Amino acid sequence: MAIAIRAKQDVTRRYLLVRSASSVALAGLGSLAGPYLSRAADRPRIASGIASGDVSAGSAVVWARADRPARMQVECSTLESFKTILRVASADALPEHDFTSKVLLEGLPPGQDIFYRVRFEDIGGIPGETQVGHFRTAPADKNSISFVWSGDSAGQGWGIDPARGGMRTYKTMLENRPDFFIHSGDHIYADCPIPTELKLPDGRTWRNIVTEDKSTVAHSLTQFRGNYKYNLLDANLRAFNAEVPMFAQWDDHEVTNDWSPIGTADETGYAEDGTSRLVARARRAFFEFMPIRSIPGQEGRVYRKIGYGPLLDVFLIDMRSYRDSTWNKRDDRSDTFILGPMQLAWLKRELAASDATWKVIAADLPIGLVRGCSSSAASISTAGPAP
Amino acid sequence: MTVTLKDVHNRDLWSVEIAPQPDARPGRLLAQHI
């Protein structure tokens, strides 16, 4: 299920050219990629598609993953032909980050369609294939904005069934031509292995693509990474990622069901500072695979604000990393907390300072009214586990 | 602002119109009650 939002303004909404990822990629090959002397297998490949995220009026994150040690080269332009290059950036894709790489493109013009192309060069400088993506920077004026939000990818064993079209929700969301996508968490279900088959209530069979790392509950860094790589096997998701920037949150299943900072550990236990080693591996994989902007001096912080022009500020909160570990586990909840004091102070401060017409708070848990009798939904009011 | 709930077939399941209230300072009000 996806939810689409369209801010109503008098300005006619733009028509955005969206093509399949393959046709866009072909468009970019002409000028960037030259003839190669080496065989295709010798050149670095883009292993899991490309993506953008955390787009503001003047900047955006671009993400990609290589199949070997390489250096990512990114060029962007306001022209689909790339006749004029606006910005270039590069970053290493190394084994210690599973060959993922991110760059922050800055100094972009507001309210513009930005086309970017990505390729990897190996350590000898030999370039590989090129893929082309797109995002639109946030407007400087009160122009129309549309976005979609959703969450919960490949849960409870329901993975990619090619015969059913794979992750069709992403295709549907792309058809709505949103300016951006808020993924409110559970990008993966690290605690839910994907089996070969599932039986549907009507007796039919759901047949999953399966991988070794997605066939067991994730504990190792390799397995957490494998969960993200599994989702990126889906062509719908890769095509969506190439065209629509993501604002990524996380919830519980990026680590394990209903996790809290204390009390969530496997046999590897806790580090000297008291943090869970399991959570650290999960967080590392999340940041490696998400096109999320790093906050200087606060590595691993998920909560952040993204200003999207005068009409909209988006507040992405983290309802897992700082919660009271007894939340949900005892009757007296009078002194428990979800956001933690620092995040709560940040949210209050940023909300009060926001002049945007719309302030969207993206929460990874449903927020409900506190009622005496509630048992039908998981939320911070009902205190049930997250779906 | 229009909020629409859609299914995987892109069918609208539910929709609601929300009017802006620029003078209400909702951020300030909300922050007092969190």
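Predicted model: local features only at pLDDT ≥ 70, side-chain atom pairs only at ≥ 80, totals over all residues.
Local features here need pLDDT of at least 70 and side-chain atom pairs count only at pLDDT 80 or more, while totals for chains, interfaces and linings use all residues. Residues are numbered from 1 along each chain as its sequence is written, chains are lettered from A and ligands numbered from 1 in the order in which they are written, and side-chain values use heavy atoms, with hydrogens and water left out.

Start with the rings. Phe, Tyr and Trp rings (for Trp, the six-membered one) pair if their centres lie within 6.5 Å, with planes under 30 degrees apart called stacked, over 60 edge-to-face and the rest tilted. That rule gives 16 aromatic pairs over all chains. A:F286 and A:F287 make an edge-to-face pair, because their ring centres sit 5.5 Å apart with planes at 80°. Ring pairs also tie A:F147, A:F180, A:F247 and A:Y308 into a cluster.

Next come the cores, each a set of buried Ala, Val, Leu, Ile, Met, Phe, Trp, Tyr and Cys residues joined through side-chain atoms within 4.5 Å; buried means under 20% relative accessible area, exposed over 50%, and partly exposed in between (1.4 Å probe, protein chains only). The largest has 37 residues, and A:F181, A:F224, A:F240 and A:F286 have the most contacts inside it. A second, separate core of 24 residues includes A:A64, A:F99, A:I114 and A:V118.
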